[in-house]
Amino acid sequence: MDFTWIGSEKLIKGTLFTLDLPGFPAWDVTMLTLWALSLALYALGVFPVITIVPALVASVAHGVLGNSQGAIGHTTQIVSVTLLAIWLAAVWGHLCQVFGWRRPHGLRQDQMELDWARQSIMATYVASALTKVYESGGNWMADTPYFGLQIAKSTGMAYYTHLVPPDNAAWLAQYFVDHPLVAQIALGAGLPLELFAFFALLNRRIALVYGLALITFHQTVTEVMNLGFLYHKQLLLVLFVNPVFWAWVAGDWVRRRFGPGSGPVRSAKSLSAAESC
């Protein structure tokens, strides 16, 4: 049982990529209508090779436009990577249909698209962990006490950009510098979490645990360093935690456990069948 991700609320509303062109007030409305319509058609499974493209182009264009103005950010990078993976899966699925090839693991088209999306997301975490290990020469854990300097830097940037006070981040930065062992324990846990993120692809239970762990990790970074990671948390919530699926499983368990003909064996079979979807 899969639930197709059709884009975040901001993407549907078009705030990811809005062109305010003088003298063309209808341009925004036209583009917003195009994106909303294409996402709706994609969610309905109507020729995804084409209908997912406007969202992909909008996400990439937003990142290019933002960085072309002098910024160096990757806010929407995870969205673009995920959309690209979905589009590639749609293309491969179309080729399988045309040439009569078998889809990987016998997945349906929508399942394969979401599977590739999950793989692409976890790949970004593994790549991030490997980069940390490589760039630090294998001393990333030993260098974590200096993370306090990064906290001071990021909160300072947030203040001068948005005039947002750093709150209590200053004492935390100094605390990490003064207590290196605490910094290694608190911050070092994120490295193996990222490095072995591919375990989240094994089944829904591990995906749930990993999704919650990574959301907690990102939320901690948000509180400490004023870095949002909004799209990371949204994608993890929908594609890995998937509360809708677990609500369905819970409801199905209650119905089979307490309904007519209830029994623990049938409930176990129901969950096993659901996890295979």
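**Salt bridges and their surroundings**

Author: A salt bridge is taken here as a side-chain nitrogen of Lys or Arg within 4 Å of a carboxyl oxygen of Asp or Glu, and by this rule the count comes to four. The model is predicted, so local features need pLDDT of at least 70 and side-chain atom pairs count only at pLDDT 80 or more, while totals for chains, interfaces and linings use all residues. Residues are numbered from 1 along each chain as its sequence is written, and side-chain values use heavy atoms, without hydrogens and water.

The protein contains 15 helices and zero strands; helices (H or I, at least four residues) and strands (E, at least two) are DSSP runs numbered from the N terminus. Of its 277 residues, 36% are buried, where buried means under 20% relative accessible area, exposed over 50%, and partly exposed in between (1.4 Å probe, protein chains only). Contact means heavy atoms within 4.5 Å. Among contacts between residues at least 6 apart in sequence, 65% join residues at least 24 apart.

Lysine 132 belongs to helix H6 (residues 109–135) and glutamate 194 to helix H11 (residues 190–195), so the pair ties together parts that are 62 residues apart in sequence.

Another salt bridge connects arginine 255 with aspartate 252, their closest N and O atoms being 2.7 Å apart. The two residues stand three places apart in helix H14 (residues 243–258) and are thus separated by about one helical turn. An α-helix has 3.6 residues a turn, so residues three or four places apart point the same way. Aspartate 252 counts as buried, with 8% relative accessibility. Salt bridges with shared partners join Asp252, Arg255 and Arg256 into one network.

A further pair consists of aspartate 110 and arginine 108, which form a salt bridge with 3.1 Å between the closest N and O atoms. Aspartate 110 is partly exposed, with a relative accessible area of 26%, and arginine 108 is also partly exposed, with 42%.

Two packed helices are described by the angle between their axes and the distance between the axes. The axes are lines fitted to C-alpha atoms, over the stretch in contact for helices, and the angles run from 0 to 180 degrees between N-to-C directions. H6 packs with H13 at an angle of about 135°, and their axes are 11 Å apart. The two helices are therefore oblique to each other, since angles under 35 degrees count as roughly parallel, over 145 as roughly antiparallel, 65 to 115 as roughly perpendicular and the rest as oblique. On the H6 side the contact involves Leu114, Ala117, Arg118, Ile121, Met122 and Tyr125, which meet His232, Leu235, Leu236, Leu239 and Phe240 in H13.

Within H13, the buried residues are Tyr231, His232, Lys233, Leu235, Leu236, Leu239, Phe240 and Val241. Histidine 232 lies in this helix, which covers residues 230–241, and has a relative accessible area of 12%. Leaving aside residues up to four places away in sequence, histidine 232 touches Ile78, Tyr125 and His218. Just after H13, asparagine 242 takes a positive phi of about 50°.

Phenylalanine 198 lies in the loop between H11 and helix H12 (204–225), and counts as partly exposed at 39% relative accessibility. Not counting residues up to four places away in sequence, phenylalanine 198 touches Met122 and Val126. Phenylalanine 198 and serine 120 are 78 residues apart in sequence and 9.9 Å apart in space, C-alpha to C-alpha.

Helix H4 (residues 53–68) packs with helix H5 (residues 77–99) at an angle of about 155°, their axes lying 9 Å apart. That angle makes H4 roughly antiparallel to H5. In this contact, Val53, Ala55, Leu56, Ser59 and Val60 of H4 meet Val79, Ser80, Leu83, Leu84 and Trp87 of H5.
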